[in-house]
Amino acid sequence: ANQHLFRTTDGGKHGALISPDLTRKTLTVPSNLDPVTAADSAITTARRGVIYAIAPSRFNDHDIWTGTDDGLIWHTRDGGKHWQNVTPVALSPWSKVGMIEAGHFNADTAYAAIDRHRLDDYKPYIYRTRDGGKHWTEISNGIPDGSFVNVVREDPVRKGLLYAGTELGMYVSFDDGDHWQSLQQDLPVTSVRDITVHQDDLVIATHGRAFWVMDDITPLRQLDAQVKHADAWLYQPAVAYRIKLASFTGTPLHRDEPTAANPPVGAYLDYYLKTAAHASVTLDILDSNGKVLRHYASTDKQHEPDLQKINATPDWFHEPQVLAASAGMHRFVWDLREAALDHGQSPGVWVVPGTYRARLTADGHAYTQTFTVREDPRVTASQADLEKQYRLARQIETQRVQIATASKQAVGLLQQIDDLRARAPAGVATQLAAFGTAVTAMTELHAVPVAYGIPGSAPAKVTSLHYLENALAALQDAVESADTAPTADAVAGFQKQAAASQAALAAWSTFKSERLPPLNTALQQAGLPVLKL
């Protein structure tokens with residue numbers, strides 16, 4: 001558009017005129033403009049405006065709204081053959097129609113954001129019509145003076161949920177614009193020029209302060225009187241997608257790089273507590289059969305990296321997620337993995353797409369919601385393929401944890417031996433050293449593991465606990481690295497490693513039962529603590 005509206009049906013190669021000049025016919029000089037400035041213009045014609053906003057109907061291809069920057073709103077229902085001037089009576093010249101939003105639920109509904117700051121009027125103006133423009137209602141209650149409005153949008157899912165971008169930030173209305181409240185959150189105080197709702201995310205464009213995204217606005221769509229008066233509430237989660245991100249993308253960028261964090265992958269579980277919980281808040285994830293796959297509690301101990309011991313900058317470490325028990329709105333993200341069999345020492349296996357339940361328990365009351373996990377839409381693997389992948393990954397994890405448990409026992413014994421050798425009599429010290437040498441020879445483990453970044457020796461044999469633990473971990477990573485059925489090599493590889501693991505576990509069990517009791521007897525006779533598994 002310029003002063004006229006044009007239509008193209010071939011991707012912009014040609015344009016057809018479908019409107020007359022829709023701007024004001026005569027020039028009106030604003031009262032706040034002095035005569036010298038008003039005369040300082042290269043334009044000598046009476047018309048000065050342009051069509052600034054175009055809003056096609058979501059119900060009829062021939063139904064179009066337009067707004068001009070000199071304060072006119074027009075409406076056509078027949079593709080431009082006939083136009084009606086539906087400008088609100090209160091709209092004076094130079095009231096810029098910054099944006100028109102055609103209704104998502106009714107063809108006769110539209111919303112218009114009006115900007116009058118060129119007239120030194122910084123008040124917010126939003127207009128709503130429900131009868132095709134015959135009558136308009138101003139709906140700006142709750143937006144403070146000084147925040148003139150640039151854009152208004154209607155949520156495509158919940159009727160009456162509106163978003164407004166003003167010169168000083170974001171606002172939201174839950175009652176079709178009758179009342180507004182701040183949606184500023186962590187935004188900078190800046191001019192918001194455009195808004196779009198992309199599926200479950202709210203996206204805004206600011207004037208010079210970047211694009212911003214509010215990930216997963218399903219709680220906004222569910223807020224109502226029942227939620228407001230509840231002591232606690234678990235919101236219906238949105239669909240969660242099983243998307244596997246790259247595990248390593250290089251060294252984290254320096255803090256002075258202009259980057260933003262990607263949203264976490266998983267199921268977003270939002271809940272509300274009117275007051276702080278008196279006891280622990282828990283969150284359980286259950287499968288369709290009622291089996292608990294993950295259990296979280298607000299009293300869980302968080303393992304933050306020890307800055308005295310870490311061998312990389314803190315940027316490399318993820319901040320632990322905390323299940324909050326304080327009053328207010330909270331979000332917890334389930335990573336779509338089952339609980340690890342080694343109790344959190346490594347990530348558990350990915351769940352398959354399907355139906356799951358979230359159960360929030362606060363002060364003795366349980367709140368449950370069902371939600372869906374879907375596959376990455378770019379993946380073509382079948383459900384049967386993913387279930388095969390899950391079963392093999394679970395088998396590998398089970399075997400790996402058994403080996404890891406044995407490895408932990410071996411390292412623990414070696415550490416105890418190091419502590420006791422300095423205090424033991426010569427004969428017992430020799431026995432301890434011989435026992436430690438035998439443990440290391442069998443497992444290829446050491447009391448002090450090789451530090452990160454320092455190359456260790458290659459394994460001498462493929463039957464040691466050290467080799468098997470790493471081999472199984474690598475195999476599990478390979479099986480879960482892509483969403484597909486396990487390869488024949490992966491299946492054969494597991495069969496080979498499983499047989500070797502069972503043999504190694506049997507050998508370790510025999511070694512402990514034959515070699516550990518005599519050594520502990522010698523330690524007791526020397527008045528020293530016995531070795532414990």
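This is a short talk on the fold of one predicted protein model.

Residues are numbered from 1 along each chain as its sequence is written, and side-chain values use heavy atoms, with hydrogens and water left out. Since the model is predicted, local features need pLDDT of at least 70 and side-chain atom pairs count only at pLDDT 80 or more, while totals for chains, interfaces and linings use all residues.

Let's start with the whole protein. There are seven helices and 25 strands; these are DSSP runs numbered from the N terminus, with helices being H or I of at least four residues and strands being E of at least two. The radius of gyration is 34 Å, well over the 24 Å that the globule rule gives for 533 residues, so the protein is more spread out than a compact globule. That radius is taken over C-alpha atoms, and the rule is 2.2 Å times the number of residues to the power 0.38. Along the principal axes, the C-alpha atoms fill a box of roughly 110 × 50 × 50 Å.

How much of the protein is buried? Of the 533 residues, 43% count as buried, meaning under 20% relative accessible area, where exposed is over 50% and partly exposed is in between (1.4 Å probe, protein chains only). As for contacts (heavy atoms within 4.5 Å), among those between residues at least 6 apart in sequence, 57% join residues at least 24 apart.

Strands of a sheet pair through backbone hydrogen bonds, either parallel or antiparallel. Here, two strands pair if DSSP finds at least two bridges between them.

E15 and E16 (residues 201-206) pair antiparallel over six bridges, with Val-197 opposite Leu-202. Their hairpin has two residues between the strands, and Gln-199 takes a positive phi near 55°. E16 then pairs antiparallel with E17 (residues 211-214) through four bridges, one partner pair being Val-203 and Val-213. This hairpin has four residues between its strands, and Gly-208 in the turn has a positive phi of about 90°.

Is Thr-190 buried or exposed? Thr-190 is buried, at a relative accessible area of 10%. Not counting residues up to four places away in sequence, its contacts include Thr-166, Leu-168, His-207 and Arg-209.

Finally, E24 (354-362). Five antiparallel bridges join E21 (residues 282-286) to E24, with Thr-282 partnered by Thr-361. E24 also pairs antiparallel with E25 (residues 365-375) over nine bridges, and Thr-355 stands opposite Thr-372. In the E24 and E25 hairpin, with two residues between the strands, Asp-363 takes a positive phi near 50°.

In the loop between E23 (328-334) and E24 we find Pro-347, which is exposed, with a relative accessible area of 52%. Its C-alpha atom is separated by 7.3 Å from that of Arg-337, 10 residues apart along the chain. Leaving aside neighbours within four places in sequence, Pro-347 is in contact with Arg-337, Ala-340, Glu-397 and Gln-476.
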